[in-house]
Amino acid sequence: MPYVNEQSLNITPADRMNDLPTQFFAQLVKKCNARIAEGHDVINLGQGNPDLPTPPHIVASMQAAAANPQYHKYSPFTGYRFLKEAIAHRYKEDYNVDLDPDSEVAILFGGKTGLVELSQILLNPGDVCLVPDPGYPDYWSGVVLSGAEMVMMPLTEANHYLPKYEELKEEELRRAKLMFLNYPNNPTAATADSSFYEKTVQFAREHQIVVASDFAYGAIGFDGNRPISFLETPGAKEVGVEFYTLSKTYNMAGWRVAFALGNKEIIRYINLLQDHMYVSLFGAVQEAAAQALTGPQDSVHALCATYESRRKAMFEALQRIGWQARISQGSFFAWLPVPRPYTSTEFADLLLEKANVVVAPGIGFGTYGEGYVRVGLLAEEARLVEAIERIGALHLF
Ligand SMILES: Cc1ncc(COP(=O)(O)O)c(C=O)c1O
């Protein structure tokens, strides 16, 4: 009888696994689900998951394409050219930016993947990455996996939630190799203007820092102000890349389609890394994504109008209960100050327990997020208003 050791292996992960930041929002989901399981009518405005479906013409395109045997094979490694042409077409139409589909476009499995990949291709241990605080936590994940160091760039209301480059230290700037920016911004709902991006290109050139512009909410701007793309800035392609996702623009978060666009060298490295990790997305998803980008854009305008009207309803309700806040300029979030004497986590817990409303505590986005909660405009207007009225009934303002 061969000896069989039935004792299981002692699995110890690599150090980088232990270094990963804790998934703050997993905790939030847990608390919310526990409350629902107790039978409460919970209004969940804590997450960033679009609540509306993908437009039907995109779904129909996917349904038809799924039957095409060509797509049942492996896709080309870096994806189909027609999809790269489609995003180049959209950027030309919307931003008057010229992109070469072959050398200036990489197809990604969602923006999140690309953001994490970028740190892997650029950063070594000892390098510095400049990260907005508060900011989207997936930037941290990529930087930590690369072994590099994060230096936070505070975003404050006084600075219109734009980083102040002049406040960064010389020693940090010497080691800085990469910087993440994100406008329209998650979580603060701020937008950036062309003069900020011009300053950014100059700063990046001066200090040899690659700029990663995360344009996930590029389609969502209010009051007639269309958010501008970083790539519209003269010189932008020489210093960086932009990440564009279909998740928010077309309510396609589950489809996992996004792009890195811009600097040829960076695009080449992203494609190289991906050659070692994946074969590109399912061909039918690529065809439907191309349909989304080249077909009618009415759904995008309608979606933006929906968020704008939800924003109006919610800010009017906030006004009625005496909750003063800066109105959102873009994205589908609102960034609301926490009343004294609570921390953002205490306040979020209180709202869940006493009002059955879920909001995201600002501290989950970084130290400078403390003192705020993030609320998603991701429910029907009546539900949004009800959430604010429930909070109003607690008489905290
Ligand atoms: C700021 C920001 N960037 C990037 C993403 C990534 O989106 P996806 O991975 O769905 O493309 C999100 C999603 O919530 C986001 O909020």
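Predicted model: local features only at pLDDT ≥ 70, side-chain atom pairs only at ≥ 80, totals over all residues.
Helix H6 (138-146) gives four residues to the lining of the largest pocket, and that is the largest share from any element, where helices (H or I, at least four residues) are DSSP runs numbered from the N terminus. Residues are numbered from 1 along each chain as its sequence is written, and side-chain values use heavy atoms, with hydrogens and water left out.

By pocket I mean, on a 1 Å grid over the protein atoms alone, an open set of points where a 1.4 Å probe fits, with protein on both sides within 12 Å along at least five of seven lines, and lining residues have an atom within 4 Å of a point. About 880 Å³ of space lies in the largest pocket, a volume being the space filled by probe spheres set on grid points that are joined across faces, edges and corners. Of its 35 lining residues, the closest to the centre are Lys-112, Tyr-136, Asp-138, Asn-186 and Lys-248. Two or more lining residues come from each of helix H2 (24-37), H5, H6 and H10.

What takes up this largest pocket? The ligand does, on the criterion that more than half of a molecule's atoms lie within 2 Å of the pocket's grid points. Around the ligand there are 14 residues, the closest being Gly-111, Asp-214, Thr-245, Ser-247 and Arg-256, each counted if one of its heavy atoms lies within 4 Å. In this shell, H5 (111-122) and H10 (246-249) are the elements that give two or more residues, and H5 has the largest share, with three.

Turning to polar contacts, which are pairs of N or O atoms within 3.5 Å, a ligand oxygen lies 2.9 Å from a polar backbone atom of Lys-112. A ligand oxygen is also 2.7 Å from a side-chain N or O atom of Tyr-217, and a ligand oxygen is 2.7 Å from a side-chain N or O atom of Arg-256. Taken alone the ligand exposes 400 Å², of which the protein buries 91%, by the Shrake-Rupley method with a 1.4 Å probe.

Finally, the second largest pocket holds about 290 Å³ of space and is lined by 18 residues, with Asp-94, Ala-219, Arg-226, Val-300 and His-301 nearest its centre. Helix H13 (298-321) is among the elements that supply at least two of its lining residues, and H13 gives the most, with five.

Definitions and conventions: Polar contact = N/O pair within 3.5 Å; in protein donor to acceptor, adjacent residues only side chain to side chain.
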